[in-house]
Amino acid sequence: MKNNLSRKKNMDKINKRILVVDDDPDILDAMKLTLETNGYKVDIFEKGEGLSDKLIHSNFYPDLIILDVFLSGTNGKEVCRQLKDNIKTKHIPVLMVSAHPDLSRSIQDINASGFLAKPFEVHDLLKKVNENVSTK
Amino acid sequence: MDTSKSRFKPNLTKKKSHNNSLKMHEVLLAKIIDRLATSIDQDITLQEISKLLVPDLADYSRIAIVDDYKKIKEINVSHKDPSKVQLASDIFDGYKGRPESTHGIEKILNSGKAEMIEIVDKKVLQSVKSNVSLYNTIKKIGLKSYMGVPLIARGRVIGAITLSSIRADRFYTMSDLKFAQEIANRIALTLDNANLYRQAQNEIIVRRETEKKLVDAQKRLLFLSEASKLLSSSLDYKTTINNIATLAIPYIADWYIVDMLNEKGQMELLSVAHADKKMVRFAKEYRKTHPVDLSTNSGTARVIKTGKSEFIPIVTDEMIVDSVKNKKELKLIRSLGFTSIIMVPLLVQGTVFGAMTLVSAGSKRIFSETDLSMIEELGTRIALAIQNVKLYTEAQKAIDVRDEFISVASHELKTPLTSLKLFSQVLKQQVEKRGVIDFSKYFEKMDNQVSKLAVLVEDLLNITKLEHGKMEFYMEEFNIENVLKDAIETLMPMARFHKIVLKGKSTKNIYGDKYRIYQVVTNLLTNALKYSPSAKNIDVRVGTSKAGIRLSVRDYGIGIDKKHLAKIFDQFYRVTGSKEKTYPGLGMGLYIANEIIKRHGGKMSVKSIKGKGSEFSFTLPFKKNEK
């Protein structure tokens, strides 16, 4: 029964697109594998700089962005703020992740939807993704 | 008053003469009393009295006073005929300093008794014949009669008066002697009173000086202690040194200047203070054109080079002339009216940080050695403060570098751990799907190990934060039961053989950092699982007491030996022993948990019996207003 239920859930995920932004390519690989294995479409970005413009430019609006707080080049929080400041991207839910658990407190200021401390369990990741992915 | 005739015929006119003499005594005494009453200066008064005595009572009189140092001071040698004064003086010199003297000042001073030679006849002359010059002088002067009386005050001989007659018609009688003694008594009384008065005055002066010194000393101490307070109050010594100026000016000095040696070894003006702001601006401008030149060997430069103070109690014009280069400067420096200068090094343990100059100008204040010692002390304290700040800053920098390193390192360690966890869990998922259950078990073990590694990394970071008070707490109101349930749920996968039983209830909320309390509970549960490998149950109890909410985690495992219990919360403490099974760990978990509870105003405790299990519990206060 449990299997049937998860299969149904998986069916819902087929069209959900998740963008993962992290400056570590290994994390990107692992995230891509994990999320795809669990039924999501996954895109990955190594840089956060100008993310909101890039998305608008390529007319790409994922259902969830998983964003690392510490990105080389730009601060993930700043990237989130820019996304939330733009009318075309502000609706995209953002799940922030960081190796600094203390940062969980500061995500409210930037309107991020959730926070996950690295390293995390797969089931925690899936739970958070499921909670935050856009349901439109 | 003519008594000469009566003296020629003493027998016939004795009574009349006596009456005349009494009258003269009366008048003379009145005059003397008057003089004494208006006496201001002792010497002048005695001189005037001498003049009254000659010629009415004597042709020659001498008053000697023994001073405080037992020295004999001769106030007056008086004679009606100045030409004979020298001769008369010689007579006394003939007696002077001769202890064996039969008569005279020294004799009276020694004996304290009056003496009289009514008639200086051949017999008397004969007695001094051995002293030829004396003999000759007495003859030459024609000494006819002599008497001397001591000045006695409160039983002490304080002087003597001698009176001599060379008149053929004046021979001293007992009545004269009594009168002379009366005069002497009056003089002695006045002198003694004057002495007492002077002593009292001196005492007052001494007391006032002592009081002033005390007040000064207190002022100095206060200044030093205020300055020290300032120095210890801040790490910004430059501002502090500027603030000390407000203590020093104008109470200690008129100018306060501090020069510091910079990193290039040049002198930099750090602080200038003067009561007049215009003067401060002037000094700053002047220093721009006249910086302290360390290649010279004067003033501040020398203080810096030698590490020794310079003290100029009184600035002379010569010094100013010597120190300037031209007339314009001379005029300028003169106009500043420097009175006194103290320059001290800011020196501690052989390191000179700079120099402090205090100048008295315009005011009449002249610096003393005590001022110098105080300023030197202040210099040392300032130098100590600077050294402390430098050491502190260096240490702080090192700590910051270390903290930054640990923070970066833990971040860097967590990144590969994150990928590792994801990969191992996805692999587990995949092999399960394909039915390879054995492999699935190994991937799970691998994942657990990665989790342990992650906890260790997190603990290392937390310890660093705790040690430097950098752990942040986000206080909020929450129900601990929810936190407990979360923690139990998270640990369930690890507790395959255990049953974690939650007992009790908590209706009230606590006030704290939810995440940190979760960390503490997780730590206690992890320990309970780890140290009770063959037990079935772990009891978690929650309840309320007066002090707050009490929570305990009880296991039925190996327990802790008594000798370890007291140290169980110490940083890096691990239970090890030859007979004991060792468990992996760095001894950080309980230390961190205890610290977190402490920072919440709570208390953690442990009860344990070896072989029977342990119970860790803590109390957290309710939200403040619910107390």
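In helix H11 of chain B, residues 299-306, the buried residues are B:Thr300, B:Ala301, B:Val303 and B:Ile304. Seen down the axis of H11(B), these buried residues fall within an arc of 165°, so they line one face of the helix. Before I go on, some terms. Helices (H or I, at least four residues) and strands (E, at least two) are DSSP runs, numbered from the N terminus. Buried means under 20% relative accessible area, exposed means over 50%, and partly exposed is in between, with a 1.4 Å probe and protein chains only. The arc is that of the directions from the helix axis to the C-beta atoms.

Now the ground rules. This is a predicted model, in which local features need pLDDT of at least 70 and side-chain atom pairs count only at pLDDT 80 or more, while totals for chains, interfaces and linings use all residues. Residues are numbered from 1 along each chain as its sequence is written, chains are lettered from A and ligands numbered from 1 in the order in which they are written, and side-chain values use heavy atoms, with hydrogens and water left out.

Back to the helix. What do the buried residues of H11(B) pack against? On the strand side, they pack against E6 (255-261), E7 (267-274), E8 (310-312), E9 (338-348) and E10 (351-361) of chain B, and helix H10 (277-289) is a partner too. Contact here means heavy atoms within 4.5 Å. Just after H11(B), B:Gly307 takes a positive phi of about 70°.

Next, chain A. It has 5 helices and 5 strands, and along the sequence they follow the pattern α-β-α-β-α-β-α-β-β-α. Of its 136 residues, 50% count as buried. Among contacts in chain A with a separation of 6 or more, 62% come from residues 24 or more positions apart. Chain A exposes about 6900 Å², and carbon and sulfur atoms supply 49% of that. Accessible areas come from the Shrake-Rupley method with a 1.4 Å probe, and for residues only the protein chains shown count as cover.

In H4(A), residues 76-85, the buried residues are A:Gly76, A:Val79, A:Cys80, A:Leu83 and A:Lys84. They fall within an arc of 135° seen down the axis of H4(A), so they line one face of the helix. They pack against helix H3 (51-57), strand E3 (64-68) and strand E4 (94-98) of chain A. What caps the N-terminal end of H4(A)? That is A:Asn75, with a side-chain oxygen 2.8 Å from the backbone nitrogen of A:Lys77.

Now the charged pairs. Side chains of opposite charge can pair when their charged atoms come close. A salt bridge is a side-chain nitrogen of Lys or Arg within 4 Å of a carboxyl oxygen of Asp or Glu. By this rule there are 27 salt bridges over all chains.

B:Glu48 is partly exposed at 34% relative accessibility, and B:Arg35 is partly exposed at 29%.

The next pair, B:Glu226 and B:Lys229, meets at 3.3 Å, N to O. Both lie in helix H8 (residues 174-233) of chain B, 3 residues apart, about one turn of the helix. B:Glu226 is partly exposed at 29%, whereas B:Lys229 is exposed at 52%.

The last pair is B:Lys414 and B:Glu458, at 2.5 Å, N to O. B:Lys414 is in helix H14 and B:Glu458 in helix H15 (residues 437-467) of chain B, 44 residues apart. Is B:Lys414 buried or exposed? It counts as buried, at 1% relative accessibility. B:Glu458 is buried as well, at 12%.

Helix H14 of chain B covers residues 369-433. Leaving out residues up to four places away in sequence, B:Lys414 touches A:Ala99, A:Pro101, A:Lys118 and A:Pro119 of chain A, along with B:Val457, B:Glu458 and B:Leu461 of chain B. A:Lys118 also belongs to a network of salt bridges with A:Asp22 and A:Asp68.

Technical notes. Polar contact = N/O pair within 3.5 Å; in protein donor to acceptor, adjacent residues only side chain to side chain.
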